[in-house]
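Okay, thanks for having me. Let me put the model up and walk you through how it packs.

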Amino acid sequence: MAKARKADTPPPKRGNGRGSVRRLPSGRWQWRATVELPNGEVVRAAGTVDTKTEAEEALSRARTDAARGQFAVTPKTTVEEYVRAWHEVRQVGQAAKYTHGQKSLIETHIVPGLGKRRLATITPRDLEAFYAGLQHRDERREDTKGKPLGDSMKRQIHNLLHLAFSEAVRHGDLLRNPADVARPRYTRQAAQDDTVKAWTEEEAGKFYRVARQDRRGVVFCFMLATGMRIGETLGLRWENVDPDTGRIQIKEALVSLSGKAHRTTPKTARSRRTVTVGRDALAILREMPERVALDREAQGGKYVGSEAVFTTSRGLPILTDNVYKLMRALCEQAGVPYKGTHVLRHTYISIQGASGKPVEVLSAQVGHARASFTRDRYRTVFEEERGGLTLDLSALTRDSEREA
């Protein structure tokens, strides 16, 4: 049996802050550095990688990051420290709503559940126990507080941790990603969930007829006709709309962050797109200036005005938080089930798909990152589409006998 290889003799000192690189008995390479941050704090950073080149690069990166005041991972770094620092860097260039949502998951669930643990000690079993114990924590929701967190939220938390740990592995701060193995377990209820997320054509028609008569309800009609997201629709400005041709440039979205309107970039890279609308959607666009004129006359000195296409009676952009009550009321009036505003997007995709539109075309139209996501998450297969999909074997038998 071959003897374990001894660690290589550490190379000569490189000077203060230069750090060291050495080969371990396992054959992997360890790098260490003691660096001073711009605020005067002295921290120690270390990691283990596969090759000497990777170790030299990691050491150089640690010194560079320290000089820039960025975060350096040490053996004592906690999950809370790492994830918060990782998110601070990552949020640059991201959509504000997405960033806000990630921060909420970190502060509400990850920090209380795993925050005090050292990053290097987290195992797949730790994550599985963490996922199993996740509960609703919103103090404002007494009906759900303390109950097990839904599977969708658990997946979001898992995806966030997987991204953060992957970054730590890439930089040599972790040997492996514990989230590669651990997964949240689906509940029996989720496995049996067969809730239809889209309206049928009949239900969509009922809703459209009612909402079209409402001053603010036309926003929902526009979404149903185009498949656009609520934030994209409310964020439309006239400078990005050509009511003559129906061409719309979707460059931004209006979201609500802590009750305040905030303009941000679209959700994904493919969400930034140009679409051409027609018929009902185009008619709505061409009616809006007339509606604005009526609002201006009715409000008088109270009218404020803005560049938004869809506005309140005072001409201000409509806040996303303020549409759900109206949506519920219109659904009740139309006699269709209320499923949130996202049902409009689900319905658009499903009806278009049922009529034969290719899923890759629909995916590009609605701004999804992948066609597979559109198919798996948004395309409802209606019962009518599956009607009669049985094989008439007797007819096949008769045909074969005639050919014989």
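Among contacts in the chain between residues at least 6 apart in sequence, 59% join residues at least 24 apart, where contact means heavy atoms within 4.5 Å. Before I go on, this is a predicted model: local features need pLDDT of at least 70, side-chain atom pairs count only at pLDDT 80 or more, and totals for chains, interfaces and linings use all residues. Numbering starts from 1 along each chain as its sequence is written, and side-chain values use heavy atoms, with hydrogens and water left out.

So, the overall picture. We've got 16 helices and eight strands; those are DSSP runs, H or I of at least four residues for helices and E of at least two for strands, numbered from the N terminus. Of the 404 residues, 39% count as buried, meaning under 20% relative accessible area, with exposed being over 50% and partly exposed in between (1.4 Å probe, protein chains only). The chain exposes about 24000 Å², and carbon and sulfur supply 49% of that; the areas are Shrake-Rupley with a 1.4 Å probe, and for residues only the protein chains shown count as cover.

Now a couple of helices. Take α4, residues 124-132: its buried residues are Leu127, Phe130 and Tyr131. Those cover an arc of only 95° around the axis, so they sit on the same side of α4. The arc, by the way, is that of the directions from the helix axis to the C-beta atoms. You all know the rule: an α-helix has 3.6 residues a turn, so residues three or four places apart point the same way. Over on the other side of α4, Arg125, Ala129 and Ala132 are exposed. And what do the buried residues of α4 pack against? That would be α3 (96-114) and α5 (151-170).

Next, α7, which runs 201-211. Here the buried set is Ala204, Phe207, Tyr208, Val210 and Ala211. Their arc is only 165°, which puts them on the same side of α7. Glu201, Glu202 and Arg209 are exposed on the other side. The cover over the buried residues of α7 includes α8, α10, α11 (324-334) and α12.

Several of those names come back in the second largest pocket, which has about 510 Å³ of space. Of its 22 lining residues, the closest to the centre are Leu224, Ala225, Asp280, Tyr348 and Gln352. For the method: on a 1 Å grid over the protein atoms alone, a pocket is an open set with protein on both sides within 12 Å along at least five of seven lines, a cavity is a set of points where a 1.4 Å probe fits but cannot get out, and lining residues have an atom within 4 Å of a point. Helix α12 gives the largest share of the lining, four residues. By class we get 12 nonpolar, seven polar and three charged.

His346 counts as buried because its relative accessibility is 8%. Then there's Asp295 in α10, buried at 12% relative accessible area.

Methods: Grid points are joined across faces, edges and corners, and a volume is the space filled by probe spheres set on the points. Ala, Val, Leu, Ile, Met, Phe, Trp, Tyr, Cys and Pro count as nonpolar, Asp, Glu, Lys and Arg as charged, and the others, Gly among them, as polar.
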